[in-house]
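This report is meant for a reader who is new to the structure. Please look over the sequence and the model before reading on.

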Amino acid sequence: MSAIATALVLPIAAQAQEQTQAPSQAPQEESGRTDGINEIVVTAQFRNQSVQEAPLAITAVDAALMEARSQTNVEQLAQRAPSVSFSAGGQGGGAQTAAVNIRGIGQNDFQFPNEPGVGVYIDDVYYGISFGTAFDLVDLERVEILRGPQGTLAGKNSIGGSIKLFSRLPDADPDAYIEASVGSFDRISLKAATNVTIVPDKLFVRLTGTARYVDGYLDRLDYGCVNGVDVPGGNFATGDDCVIGTEGGQNVIAGRAAVRWIINDRVENNFIADVTRDRSEASPGKAIYLPASDTGGISYVTGPKEYTNYANYSGYLGTDNQYTFPAISYLNSWGVSNKLDIELSDNLSITSVTAFRHADGQSAWDGDNSPVNLSNNFSTFTHDQFTQELRLLASFGDLLDLTVGGYYYNADSNLGGRVNVGAAALDFNSNDPFKQTSISVFAHGVVHVTDRFNLTGGLRYTDEDKTYTFSRTSPIPGVPTDVRVASLNGITKGFQGSRLDWRVAGDYEIADDIRIYGQVATGFKGGGVNPRPYLEMQAVPYDQETATSYELGIKTMLFDRRLRLNLAGYKTDYNNYQGLVSACPDISPPGFPFCSATRNVGDAEIKGFEVEFDARPVEGLSIDGSLSYTDFEFVRALFFDTDGNPLSIIPGVTQAPFVPKWKYALGAQYEVDAGNLGTITPRVDWVWQSEMQSNIPNSIPGYLLGEVESRGLLNARLTYRTVDKDWEFAVAATNLTNEFYYMNKYDRVSQSGNAYGMPGRPREIIFSLKRNF
């Protein structure tokens with residue numbers, strides 16, 4: 001780290017000396033130049049400010065760059081952000097379910113009590129669950145990714161950081177477009193948006209719609225048909241190709257309406273309503289290991305780089321109790337929000353953000369990806385949440401900017417479905433309600449000591465209350481509920497807790513456009529109760545996890561605004577890590593190996609650094625990239641060996657799930673002026689990350705199949721625009737080299753006896769035509 005930092009800091013210091021001695025250069029927006037770097041305004045600290053002025057690590061991306069990179073969803077955006085890991089669709093949560101980690105902190109289970117460790121927000125509205133947060137990027141103005149604990153700024157469950165999406169607001173500019181795309185796997189998509197002026201200078205409406213259909217990229221094969229043998233339950237294939245169906249297909253329709261009412265010079269109200277109907281297929285899964293003892297000696301593992309499996313989503317084949325789940329991942333989501341801004345005076349204003357959101361869905365998961373009945377789940381969920389945030393913003397001349405406020409969150413959820421774990425002979429229905437409330441008050445202030453030196457402080461106090469009720473019944477008529485799970489039926493467990501978070505930061509502009517900063521910030525993720533018990537004794541609570549992060553950074557705009565270079569280094573003390581463990585003999589009877597429980601497994605120390613740059617060396621040429629290193633080391637941990645005996649490990653041996661140590665991204669584009677024909681812009685992007693783990697434990701014999709190999713992905717895009725920019729045509733390729741890779745893997749050998757992974761999308765070519773109005 002020291003060598004890299006030295007190599008990067010020395011030219012910065014030289015540039016600082018030059019800028020200290022030379023007169024200040026005017027920003028691009030004021031000078032009228034078009035070849036410099038555009039400024040991105042963020043609201044991370046409750047007020048509009050340049051991303052270069054905020055004393056914390058932020059990745060900010062505007063709509064133009066997202067389009068140039070062919071980024072259509074949050075997962076693709078996170079691939080390029082330093083220290084961010086994003087995985088969708090794991091553990092049966094559905095294709096729209098996200099597990100996000102920033103700087104080694106986040107979440108790896110979608111169950112409701114396991115709250116996100118990275119807060120996801122759209123237009124300042126917090127999404128309290130992981131279901132349905134693998135959002136599409138449609139009609140956005142910008143995205144802000146805040147790295148490190150945001151306990152005082154974003155608040156609820158943003159211990160690792162936060163991802164904030166901001167939509168375009170309506171105004172008098174038509175700003176209309178319609179875009180159609182076709183591509184690989186019979187892709188067809190349509191996007192459109194427009195502004196409508198209802199009352200000039202007063203009332204505006206923006207309408208946005210999108211629809212997308214893509215075939216699945218992983219074929220589900222009928223084993224009997226492929227191999228010409230009879231299997232219990234009969235063959236499922238109806239055609240000669242032996243394909244039962246596919247996984248990974250998408251079928252989404254969504255719409256959004258925003259109403260902006262400028263009541264007068266001091267009062268503005270923004271109302272937003274959105275709806276999504278998603279009828280996608282189940283997440284793709286591929287068997288990695290199946291024990292011969294459970295398969296009768298038959299290998300149901302398909303070729304190592306084939307996009308195939310033998311999943312039939314069925315159980316009890318050949319018996320009267322045979323069933324088949326639909327291979328689906330459905331989501332219905334809608335919500336309304338209202339943001340009211342009132343400027344009481346030139347130095348005092350109030351902001352109110354009120355929102356209600358509903359989501360429901362269902363998804364299937366053939367956990368063994370084969371005809372054998374090792375693991376077969378079907379999940380249903382509903383979630384309703386109401387949130388209210390109030391902020392009072394005050395300015396005391398040039399000395400102090402102060403924000404105080406309060407936040408209220410109330411949610412009613414339900415998680416149900418059927419769990420059939422053949423390896424443990426467990427089969428039951430669940431129907432579990434979950435209720436929670438969270439109330440917080442906060443204060444955030446910035447003291448402008450001089451015109452170059454600022455001190456920032458923040459406090460937030462949060463109080464939470466949660467209750468979870470278990471329901472366990474038999475899914476087979478006439479068959480009593482398994483005695484092992486029956487004792488859970490009707491039991492209610494709860495969690496109550498409070499927390500005071502704080503932040504102190506300082507930043508100093510050592511020369512024009514060169515700013516250094518340092519901060520200490522804390523955050524927490526709420527406690528709860530293990531939502532995956534298979535016995536009453538496994539329904540145990542877990543405590544809050546907490547983090548204290550120390551960060552130093554430098555933000556620079558160099559060489560006449562042709563290079564933006566930002567660096568950050570950090571150390572985080574991470575306590576009471578909430579891990580999803582697959583071995584827990586202390587809460588299981590002797591000889592019962594099956595466990596999947598959220599536990600406070602120990603404390604950790606996380607160290608790392610991040611580099612981001614954006615360069616415009618000559619007119620038309622743009623180069624951007626990032627690099628991050630994350631060293632996650634357990635300093636107090638207790639795990640278990642394959643025999644269920646406690647095993648105290650050496651700190652650092654076991655890695656946290658979904659935390660690649662190294663990650664980098666590099667992209668470049670060049671706009672070629674074709675005169676009266678318009679412009680042609682080729683772009684290439686390369687992203688790479690090192691290997692990572694996906695299970696706890698993961699460093700002892702018997703738990704070694706959850707390692708996700710390193711991967712590098714190449715994307716490319718060629719865009720043509722007419723002179724007036726009314727028409728755009730683009731051809732884009734994602735995963736251009738057709739790399740076979742896994743997004744995640746799960747070692748379930750100690751539970752259902754198998755291991756599987758989720759292959760990433762193969763190469764796709766997409767053609768799009770866009771008309772701007």
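## Residues with positive phi

D201 counts as exposed, because its relative accessibility is 63%. The model described here is predicted. D201 sits in the loop between β12 (187–199) and β13. The phi angle of D201 is near 65 degrees, which is a positive value in a residue other than glycine. Most residues other than glycine have a negative phi.

Y316 also has a positive phi for a residue other than glycine, near 55 degrees. The loop between β20 (314–315) and β21 (323–324) holds Y316. Y316 is partly exposed, with a relative accessible area of 27%.

## Nonpolar cores

The largest nonpolar core has 22 residues, and V143, I145, I163 and L165 touch the most other members. At least two residues of this core come from each of α4 (74–80), β4 (84–88), β5 (98–102), β7 (118–122), β9 (140–147) and β10 (161–167). Nonpolar side chains tend to be buried together in soluble globular proteins.

What does I145 touch, leaving out residues up to four places away in sequence? The contacts of I145 are A57, I58, T59, L77, A81, V84, I102, S162 and I163. Apart from this core lies another one, of 21 residues, with Y574, Y577, V601 and A637 among them.

## Aromatic pairs

In the whole structure, a search finds 32 aromatic pairs. One of them is the pair of Y217 and Y307, which is edge-to-face, with 6.1 Å centre to centre and 75 degrees between the planes. Y217 lies in the loop between β13 (203–214) and β14 (218–221), and Y307 lies in the loop between α6 (292–295) and β19 (308–309), so the pair ties together parts that are 90 residues apart in sequence. Y217 is buried, with a relative accessible area of 6%. Y307 also counts as buried, because its relative accessibility is 17% and the limit for buried is under 20%. Ring pairs join Y217 and Y307 with F185, F740 and Y742 in a cluster.

Y577 and F632 form an edge-to-face aromatic pair, with 6.0 Å centre to centre and 70 degrees between the planes. Y577 belongs to strand β34 (residues 563–581) and F632 to strand β36 (residues 621–637), so this pair ties together parts that are 55 residues apart in sequence.

## Cavities

How many cavities of 30 Å³ or more are there? The count comes to 15. The largest cavity has a volume of about 220 Å³. It is lined by 22 residues, and those nearest its centre are Q111, L415, V419, S430 and R532.

Two or more lining residues of the largest cavity come from β24, from β25 (400–421) and from β26 (426–448). The largest share is that of β25, with 5 residues. By class, this lining has 10 nonpolar, 8 polar and 4 charged residues.

## Q689 and its contacts

Q689 lies in strand β41 (residues 679–689). Q689 counts as buried, because its relative accessibility is 9%. Leaving out residues up to four places away in sequence, Q689 touches P660, W662, K663, S710 and R711.

Q689 and V74 are 615 residues apart along the chain, and their C-alpha atoms are separated by 17 Å.

Definitions and conventions:
Residues numbered from 1 in each chain as written. Predicted model: local features only at pLDDT ≥ 70, side-chain atom pairs only at ≥ 80, totals over all residues. Heavy atoms only, no water. Core = buried A, V, L, I, M, F, W, Y, C linked by side-chain atoms within 4.5 Å. Buried < 20%, exposed > 50% of the residue type's maximum accessible area, 1.4 Å probe, protein only. Helix = DSSP H or I, 4+ residues; strand = E, 2+ residues; numbered from the N terminus. Contact = heavy atoms within 4.5 Å. Phe/Tyr/Trp six-rings, centres within 6.5 Å; stacked < 30°, edge-to-face > 60°. 1 Å grid on protein atoms, 1.4 Å probe; cavity = no way out; pocket = protein on both sides within 12 Å on 5 of 7 lines; lining within 4 Å. Points joined across faces, edges and corners; volume = space filled by probe spheres on them. Nonpolar A, V, L, I, M, F, W, Y, C, P; charged D, E, K, R; others polar.
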